[in-house]
Amino acid sequence: MSWGWHSYLAPLSIILWFLGAFLALRDHKAASLLVLAGALVTLAFIVGLWIRLERPPMRTMGETRLWYSFFLPAAGLLAHRRWRYSWLLAFTALLASVFAIINLARPEMHSRSLMPALQSPFFVPHVTTYMLSYAVLAASAVGSVIQLRHLSATGQPDKGLYDFIDNVVHVGLGFLMLGLITGAAWAKEAWGHYWSWDPKETWALITLAAFLAYLHLRLSPSRETSARLVLMVPPVGLVLLMVTWLGVSLLPAAMGSVHVY
Amino acid sequence: MSPPSSGQAAASRIWGRPWGYPEGLVLAFSALAGGFLAEWLAGPPPLAWLSWPANLFLALGLAVLCALARPLRRRPLARFLTSVPLSVALIAAMGLLALVMGLIPQAPAPYVTPAGAGAGTRLGLDHLTSSWPFAVLYLFLLLSLGATVAVRLSRRRLVFLANHLGLWALLLAGGLGAQDRLRETMLVPEGGLEWRSQRPDGEIVEMPLAIRLDGFDIEEYPAKLAIIDHGTGMPLVADGRAAFLQLDPMEPRGRLLGYDVELLEFLPGAVPAGPEVFVKAIARATVQAARIAATNRETGQRFEGWLSTGESLMPPRPLKLDGGLLMAMSRPEPRRFVSQVKVFTQEGQEIESVIEVNKPLKAGNWLIYQRNYDTEAGRSSSWSGFELVKDPWLPMAQAGLFVWALGSLGLMARGKRGRP
């Protein structure tokens, strides 16, 4: 399957996700089935592209966006099974559609080449753990926004929602740290050192610091740490994360980064 | 199990015991401010002094200080040092420094202050990893992290321990070990023997090992096609980028800008045999050649002929299209480059092996990496470049990374539910 197939399969996924999101907001049972179908169509395209290119499709921005638009609904479905939040399912399906639409607007050119430094057993785990953590942490940020609204409306937090946010941050942070660790191990093999203050590394550290701060803040709630301030941390973390993923190559500090693609 | 200190019982006035968030933030950011002041007044810290064995003594001293927190864990100072509020303050301060590093391009270490430096440079903002504020915060973080591990050492807190101890070991080895880390580069001509490293400043250093390059091979991907304006010599663009079409024998038909392109024949290793023909060849200096048919989608005019990449003695061959345009093959990208070497160490060890990207060779205390080659010459490069890295603290860093990886798996497996 070459990139040409994307212009047929992506609209199919997007339609399924929009319908799924619509039904999820009405608490209809078929919602998760539709979101799942959309994710499977995207997964089929990823697998087909992988076979066609004879390399993991993770080299270019467009290729990482494909993974993100698969992992987002996947994370949404799993969290929906466990926590029954239909807004979360709707949100992940819509956000996945946004990234599929970006890929439709900016199609990738077909290229099989994969530079030697990227030919590493760490390539696949490094990119997939990061994309997974991005998907999961996005869910924590939306949860925080909903909790903030709940606080404003009722003056009391929703305890179940706090459990959800905290658990999701634990899982997302675990993936984020694994992405960093696999990156360090890979860098030692390919570039001679496990940490080089490459701008992408620096921004990954900033993102990590934000979510680490949230996790520690929640360990010790007190009068001094207003609940509102703490709940602002995951959304800010999501912004930092987007800079790390999509924005770093635009910064002046990114000159000569090995992560500009 | 309750956290050793939390803000729950914090007094309403700052500096009332036990210390909480206000005190933690004030102390972490005072340390940072003190660091900036020192940098402004005294310039960057003399980091070269922090090499073996001074860094070992500092590491041991730090470990002893951290361990001391355990017997003293009921004292207010130890409780504060290992408290959640201080950890949040230190994470925030470190995140802030990283944010500066992520926005302002950083000068490489070792750092030398240029004459007549501006205020940002005098504060260390463009060389933070070699600056006082970073050094002070780094030591503060190591102390707090290590003391927390010492105080909360328990078999029931395996996930906590793996995360914090792994990170502590990694930070210690990465930071305090930095001055012992050596990076050297060697360019070895094919068939030649080299034992000297050339530093970026031009200095030549004799190394404790020698490399003989017995062979150097490059495998390439098929080249890409581009359309070039004959007048300007520049490739045509689409969406702000040079438009290209990947040559791919599995997918012989494609489209490039206004042309339908068909790949009729592809020779990954070829030499010209006459003005219009290429033949398959196994030789040192070969090029990639392709027979292409391009059809202008508007006029239907068809152009057919051989194209090739260039090589040191053979110019690339383009295909003439209409409207002053040329179709040409780009410089091929390497799939793999491999050096066949024999390494001789001072201890008399001789290792015959191959070195390629992502597969460094271990020789004594050194790791030898494939670095580069003569990209202008491509396949006929007559030399291979190596990077030699020595890091005596690597085993500790690797152990730290491994333990931290276990910790992150534990964090995911347990979630928040494991907490009381």
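Is B:Arg336 buried, partly exposed or exposed? Select B:Arg336: at 31% relative accessibility it counts as partly exposed (buried means under 20% relative accessible area, exposed over 50%, partly exposed in between, with a 1.4 Å probe and protein chains only).

Before moving on, a word on the model. This is a predicted model, where local features need pLDDT of at least 70, side-chain atom pairs count only at pLDDT 80 or more, and totals for chains, interfaces and linings use all residues. Residues are numbered from 1 along each chain as its sequence is written, chains are lettered from A and ligands numbered from 1 in the order in which they are written, and side-chain values use heavy atoms, leaving out hydrogens and water.

**Stop one: salt bridges**

B:Arg336 lies in strand S15 (residues 334–345) of chain B and B:Glu219 in strand S3 (residues 204–220) of chain B, so the pair ties together parts 117 residues apart in sequence. Strands are DSSP runs (E, at least two residues), as are helices (H or I, at least four), numbered from the N terminus.

Next, pick B:Glu304 and B:Arg291, whose side chains form a salt bridge at 2.8 Å, N to O. B:Glu304 sits in strand S12 (residues 302–308) of chain B and B:Arg291 in strand S11 (residues 287–296) of chain B, so this pair links parts 13 residues apart in sequence.

**Stop two: strands**

Show chain B as a cartoon and find the open sheet of 4 strands, ordered S7-S4-S14-S13 with antiparallel pairing (two strands pair if DSSP finds at least two bridges between them). Its edge strands are S7 (245–246) and S13 (319–320) of chain B, each pairing on one side only. Within the sheet, S4 (residues 224–229) and S14 (residues 325–329) of chain B are joined by 5 bridges, and B:Ala226 has B:Ala328 in S14(B) as its bridge partner.

Then go to S8(B) and S9(B), a hairpin with 2 residues between the strands. Select B:Leu257 in the turn to see a positive phi of about 50 degrees.

**Last stop: a loop**

Finish at B:Arg73, in the loop between helix H2 (54–68) and helix H3 (76–81) of chain B. B:Leu72 is found in the loop between H2 and H3 of chain B too, and is partly exposed, with a relative accessible area of 38%.

Conventions
Salt bridge = Lys/Arg side-chain N within 4 Å of Asp/Glu carboxyl O.
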